[in-house]
Amino acid sequence: MINKLHKLEQSLTALLENETDWQSLFIDYETPHVHRLWRQIDDEHRLLLHRIEPCNRPYMHKHPWSSAVHVLEGLYEMEVGVEESDQVISPRNLVAAKIVLAPGNWYEMTNPLAWHYVKPLDVPSYSTMLIAKPWPNKVPAKPNPTQRALFPHEKAELVAKFKSFFRKK
């Protein structure tokens with residue numbers, strides 16, 4: 001998935017030209033808070049653009065999909081683990097790694113039993129993320145509270161920021 005994300009980034013400036021093609025969310029039901037732009041790429045994939053805010057207590061979570069991430073700006077700490085089953089996360093005894101990711105770092109999460117948290121350090125982090133269709137899930141996902149769309153000025157600022165990352169020099 002990293003290779004597919006890298007190829008998509010090469011056309012990201014063009015993809016951002018029409019803001020109406022992008023959906024948005026302000027995710028604030030847990031920390032860190034996330035400003036997200038996303039769009040469907042094909043039947044199998046979505047492209048997500050994230051601004052992740054610094055926080056003290058990051059939310060440990062699984063993703064219902066495989067993903068690839070490219071960190072563009074800011075540092076974030078990430079703890080990663082793998083559950084023994086697809087039941088509730090009990091991460092403290094299952095931590096596999098704690099790392100700090102910097103601009104230019106890439107990673108994939110490809111195991112449906114893997115969980116992580118991200119904790120930006122000092123300043124917001126910006127990243128691209130490619131996700132695939134959700135895995136079949138035997139345990140119902142915890143419902144998330146209703147999330148609002150970004151306000152028009154928030155969406156415009158985020159689009160401008162990501163254009164600045166990928167503008168041809």
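The model is predicted, so local features need pLDDT of at least 70 and side-chain atom pairs count only at pLDDT 80 or more, while totals for chains, interfaces and linings use all residues. Residues are numbered from 1 along each chain as its sequence is written, and side-chain values use heavy atoms, with hydrogens and water left out.

**Aromatic pairs**
- Rings of Phe, Tyr and Trp (its six-membered ring) pair if their centres lie within 6.5 Å; planes under 30 degrees apart count as stacked, over 60 as edge-to-face and the rest as tilted.
- The count by this rule is four aromatic pairs.
- Tyr-126 and Phe-162 form an edge-to-face pair, because their ring centres are 6.0 Å apart and their planes stand at 65 degrees.
- Tyr-126 belongs to strand 8 (residues 114–132) and Phe-162 to helix 3 (residues 152–166), so the pair ties together parts that are 36 residues apart in sequence.
- Helices (H or I, at least four residues) and strands (E, at least two) are DSSP runs, numbered from the N terminus.
- Tyr-126 is buried, at 6% relative accessible area, and Phe-162 is buried, at 0%; buried means under 20% (1.4 Å probe, protein chains only).
- Ring pairs join Tyr-126, Phe-162 and Phe-165 in a cluster.

**Charges over rings**
- A charge sits over a ring if NZ of Lys or CZ of Arg is within 6 Å of the ring centre and within 35 degrees of the ring normal.
- Arg-46 places its charged end over the ring of Trp-38, 3.9 Å from the centre.
- Arg-148 lies over the face of Phe-151, 4.0 Å from the ring centre.

**Leu-25**
- Leu-25 is part of strand 1 (residues 23–27).
- The C-alpha atoms of Leu-25 and Leu-150 are 5.5 Å apart in space, although the residues are 125 apart in sequence.
- Neighbours within four places in sequence aside, Leu-25 is in contact (heavy atoms within 4.5 Å) with residues including Val-34, Arg-148 and Leu-150.

How values were computed:
Buried < 20%, exposed > 50% of the residue type's maximum accessible area, 1.4 Å probe, protein only.
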